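Good morning, and thank you for joining.

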There are 2 protein chains.
Amino acid sequence: MSNRDREVGIGLIGFGTIGRGVVRVLGQNAAVISERLGARLRLVRIADLDTETDRGVDLEGIHFDSDAKALIADPAVDIVVELIGGTGAARALVADAIAAGKHVVTANKALLAHHGSEIFAQAAAAGVDVAFEASVGGGIPVLRALREGLAADRVLSIEGILNGTTNYILSEMEATGEAFEVILKRAQDLGYAEADPTFDIDGIDAAQKLGILVAMAFGAELDVDSIPTQGLRDLAPIDFEMARELGFRVKMLGIAREAAGEGDDRIEARVHPALISLGSQLASVDGAMNAVLIVGDAVGPTLYYGAGAGEMPTASAVVADAIEIGREILRGAGAGRVPPLSRPLEALHSRELVPTDELHGRAYLRFEVTDEPGVLSKVTGALGANDIGIESVLQRGPASAGGSISVVVLTHAAPEAALRKAVAEIDEWPEVRARTLFVRIQENRE
Amino acid sequence: MSNRDREVGIGLIGFGTIGRGVVRVLGQNAAVISERLGARLRLVRIADLDTETDRGVDLEGIHFDSDAKALIADPAVDIVVELIGGTGAARALVADAIAAGKHVVTANKALLAHHGSEIFAQAAAAGVDVAFEASVGGGIPVLRALREGLAADRVLSIEGILNGTTNYILSEMEATGEAFEVILKRAQDLGYAEADPTFDIDGIDAAQKLGILVAMAFGAELDVDSIPTQGLRDLAPIDFEMARELGFRVKMLGIAREAAGEGDDRIEARVHPALISLGSQLASVDGAMNAVLIVGDAVGPTLYYGAGAGEMPTASAVVADAIEIGREILRGAGAGRVPPLSRPLEALHSRELVPTDELHGRAYLRFEVTDEPGVLSKVTGALGANDIGIESVLQRGPASAGGSISVVVLTHAAPEAALRKAVAEIDEWPEVRARTLFVRIQENRE
């Protein structure tokens, strides 16, 4: 039997937006996919608890019910695509699929960030592959690039715009000058943000993706819940204006590198809004797009840009993973061509995070203070007393009589502990009308 | 014998700059490469006609002489890395290596653009792999992204800054306001441009890379020598200034897409300077960096950015290819995991190019005319008579008494044939002091 007569069977668990995208991609690109794979990639079966809603796609010839167990057991299913999300049912079903000898493709970053090693060990023992390109950067093939394209490099650093919702909100706040709450509401109305936006807005989603990137880049298992995150709720329209005046844009970044010190095995990893140079590649990533900057010791800076979420982009990555696994099925080469996290599982080890107090860098500080003579010199004096040098000071306001004025300070590079201490001291003053905003400057590594 | 005790042997033919980079990468990253591959990637042997020059790298344990044939025949060599370049000796040696059952890694875009199908057919027949990530975009893993990451997509378009030398010259012309010849001379002094710069400056190098991308994206074999190219010799400092005033930057692009018409099997492919929107990702690619924007029907726009040339970035891609082949050697899976051009060779076919006269789009025209009343209205009148709408007109000069004035016209979208005809007519006028500059506008597809 030639490959042309053969097929690779897919079973899809979870028929939401991305699932519908998978049906669409397999349909509209069936010819080119068959040509590349040398066989048909056939969606055999779909399981979802909701079998009623019309997804508006053609399901002819596809068995669709709510029975995920039967889907996994179906001998026509070679690859199980898990698109339920979360770490509950998805975790059990992925384990079941692996135990049944099925390959798995998933877009589930929460599952991999929290239980990746467990799942990869199960897969290795069962002789199946688990592919997860869609879990980071949506449609951008950034995991492939990191794992295989940069296989000859020692990774020096990763910086990414890893969450489309927050990048959309920041882009809109900058473009319109409107407040965070207004833009968030609009994003929710447009379906770009969830009713409960915490997962995106506070950096949890980005931290999970960063955890996967860190495991792949540095062979480091992190406790992703302990990755420090700072959300963007405290940013105000004035910050975008001030940032631009200082030569920066504000972006929500996931940042990771190995600790610099000799013999220091720890990892620096964090998610927060940061000021980055205007004119840098990351600074021009707008709207819901994502981008990841990976610096290797040989290759230097490389950047991967594209849609970080959405029906068709995410489905593109899911189906590409299925094609890759399909190739191995067809040639009978067995699983495990490339270790899922770039190194063999036994080479991964748990590594501590560098506490943010040990960071060192420039910062953007916005003080909201009463409009009185001498307050600016008092602020700068307090920074000086903590050995914090000042690069620029900008002042605005008050917006109305009796209102506070905004004093923005761009500091020279300083220990973060000193910066935090100075800000904490200043925040105790009676002249201070609101908690001071602290945003790190991320130096350009492009 | 476990993988840990095993090794994969590399033989390097051509010990120039990139060859030295390969030695360095294999040395400095030996530990991480062994960990990822599960075996040692050992440089067994080097062949180069020049065995005298000290390359400043440690060659202990590596057999180094001028005998490429003996290198190919050496049973310890599993993978032959061809870094000679060109289509003469390299072509014969690659054929010899394949015939001897050796896998090949090459950075040679000229060889692949002109003789790719022949080489891939030889490799398929001999059961070996030919890998060539370094041939396009230097260290950027863009071929992997296109071939595997976007395997589920129909590619809609490719636009790339594919040549670092020309991007460096354009960036410098814009930054300094100096003339092309001055910047070229400086680039040559710095080693960024060859003594004979034709290959880069006139777009030949970019056309070869574009040919490889087109073959992979569209399954199309092109006669790369017939890809229309326009070099950057006619650009002047004023063009960068005018472009910026109109909201654009000038970039040398390789552009390709399938012809739009129903049943039209042809390919649009060309290399030329183009005006692209300020603020687009490609517009912020500076200096010697490269970037490729690939739009897929499912994934949408994706972009890959990094160093397009240079010792260590190119070596990074070469060694990553060797690691990928090494994995297949170690698992005994045989060659041909992925077709080198994404589709099986028999699915590739020769396709015609769309002549540039059939293009349709906006253009930037710079007329150099005598400083006389009425000349501007005469120019715009001639464009109107050819049904060419005008979006903006800018005028500068004269720089000195009796000098010419520069009239810059940004047209509305128009058939290129009409634009060329109008320009040819105008260029006959006695008021015209130099050939009119014609630069296409590339609309933003990000």
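Let me begin with the strands: β12(A) and strand β12 (residues 300-307) of chain B run antiparallel and are joined by three bridges. Strands are DSSP runs of E with at least two residues, helices are runs of H or I with at least four, and both are numbered from the N terminus; two strands pair if DSSP finds at least two bridges between them. Within this pairing, L303(A) has Y305(B) as its bridge partner in β12(B).

A word on provenance. This is a predicted model, in which local features need pLDDT of at least 70 and side-chain atom pairs count only at pLDDT 80 or more, while totals for chains, interfaces and linings use all residues. Residues are numbered from 1 along each chain as its sequence is written, and chains are lettered from A and ligands numbered from 1 in the order in which they are written.

How are the two copies related? Chain A superposes on chain B by a rotation of 180 degrees with 0.0 Å of shift along its axis, at an RMSD of 0.0 Å (least squares on the C-alpha atoms of residues with pLDDT of at least 70 in both). That is the relation of a two-fold axis. In chain A, Y304(A) has the C-alpha nearest the axis, 2.4 Å from it.

Turning to the contact, 49 residues of chain A and 49 residues of chain B take part, where contact requires C-beta atoms, placed from the backbone, within 7 Å. On the side of chain A that touches chain B, α12(A) supplies the largest share, nine residues. Finally, 100% of the interface residues of chain A are also interface residues in chain B, so the copies meet through the same surface.

Conventions. Contact = placed C-beta atoms within 7 Å.
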